[in-house]
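Visitor: I'd like to learn how to read a few features of a model. Could you walk me through some of them?

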Amino acid sequence: MTKPVVLIAEELSPATVDALGPDFEIRKVDGTDRPALLSALADANAILVRSATKVDGEAIAAAPKLKVIARAGVGLDNVDIKAATTAGVMVVNAPTSNIISAAELTVGHILSLARHIPAAHAALADGEWKRSAYTGVELYEKTVGIIGLGRIGALIAARLQAFGVEVVAYDPYITAARAQQLGVQTVTLDELLERSDFITIHMPKTPETTGMIGAEQLAKMKPTAFVVNVARGGLIDEDALHDALVAKTIAGAGLDVFVQEPPRESPLLALPNVVVTPHLGASTDEAQEKAGISVAKSVRLALAGELVPDAVNVAGGVIDPYVRPGIPLVEKLGQLFAGLAQGPLESLDVEVHGELVDYDVSVLKLAALKGVFTNVVSETVSYVNAPLLAEQRGVAVRLIADAESPEYRNVITLRGALADGTQVSVSGTLTGTKQIEKLVGINGYDVEVPIADHHIVMLYTDRPGIVAVYGSEFGEAGINIAGMQIARREAGGQALSVLTVDSPVPGEVLERVRAATDAEVMVEVDITES
């Protein structure tokens, strides 16, 4: 019997090959040699890569037998997930392999900034003995602010508390109870910026978080404060950071990630109050070995047709064809739910109505959680860690099945309670022979809107001329409205408007529209493709 072919395109630890076992034919290729890669892919059932090999649409098209793409690490910038999904190819990574390494590097940056370790080393190596030039500060009794209290943020909090610091955190999706378990006080972003002596950011990179630390936020920091980014390039506005460092409105910065990598022409590299490393968050022997072993196990599961915990695009395993189209729908409903929630979630019900209840729909609960947390946490969310993320945040999750569905053949509703007592719900379905994904309900309002990349949800008092008001505001801002539906329960009462727009909407534009319409709710939700 012919063994499945596993192609290793980059240098991986020997433990990775050992974890694959004897059931596969292992072949190696230099993934950066494009012709060699495309040729080798012709027979490959699986490919293992790190960050240098580009597995794009062309590469996937050259691999008719390919079942799984495995990235031995966290980031997936070098893998075209959409093309893989279209081709029915599973994509897996190692989402937890680097969390300890990233947390430890963050602490290293904080210590380096506090005690000027890199600059002092460079001076002494150059023959200079300048002790007074490198007087630093102690961490003891200082305040450390963590923006994003996911798994890496929690590890940093635990490690820093041994230094006798006070840890505060900003994370709109963490409950006070979870923060208390970690020994952390939750505060607003502005309060964190104003109080902290050291700030470290650990958020996912989304349209909402890109540039979230800009000139306005840096101006709120103490002139003696330091900021660290070991998460994603672009979370801190690099131009604004450069200006603040030059003007000494903040004391310094530690950077492991950049908008452009490598950052060859970045003026930040020339500043004396900046400590930089070349994206070393996952660069430890232990992280690399854990990543290799993790994806090797996933490859074995995928090629055996079993459920793959760390699949980022499809669940794998035995899922009925009638249920499978609902997976991406429910993930998108989860993202819509999270965008509308705007606060810590305490409970989530995943309600399945209609003919689907005759099948095993447990994967839809996993898909809902994956969608809810996709743009909330900094780590990659998978079908195995999504329930863990919910558990860590104290979110109670139920799957409810009901055969009754009077309006549609099947409807799936995500219904949740927030910490402040409010409730949020979104409903969706698949319609027609093309199985078009549609949003059919928000917070009890009936709508029927095809799910797209960018939506704006507004709740306001219904009155004549209101559509013209926000239509004019968006038009003046160059935002094209591709579709719109308005729902209301009574004339002159509250109206809910769902807009489909062609591009992300800047925050200042949303704020202008909110003011012009006196909207009670004004939320933009951008859907991230799995």
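Visitor: Is helix H14 mostly covered or mostly open?

Guide: Start with the terms: buried means under 20% relative accessible area, exposed over 50%, and partly exposed in between (1.4 Å probe, protein chains only). Helices are DSSP runs of H or I with at least four residues, strands are E runs of at least two, and both are numbered from the N terminus. H14 is mostly covered, with 10 of its 13 residues buried; among them are Leu 366, Lys 370 and Phe 373. This is a predicted model, where local features need pLDDT of at least 70, side-chain atom pairs count only at pLDDT 80 or more, and totals for chains, interfaces and linings use all residues. Residues are numbered from 1 along each chain as its sequence is written, and side-chain values use heavy atoms, leaving out hydrogens and water.

Visitor: What covers the buried residues of H14?

Guide: The cover includes helix H13 (326-341) and strand S14 (396-402).

Visitor: Where is Ser 405, and what does Ser 405 touch?

Guide: Contact means heavy atoms within 4.5 Å. Ser 405 lies in the loop between S14 and S15. Leaving aside residues up to four places away in sequence, Ser 405 touches His 353, Gly 354, Asn 410 and Val 411. Ser 405 counts as buried because its relative accessibility is 18%.

Visitor: Which strands pair with S21?

Guide: Two strands pair if DSSP finds at least two bridges between them. Strand S19 (residues 454-461) pairs antiparallel with S21 over 7 bridges, and Ile 456 stands opposite Leu 499. Strand S20 (residues 481-488) also runs antiparallel to S21, joined by 7 bridges; here Gln 485 faces Val 498.
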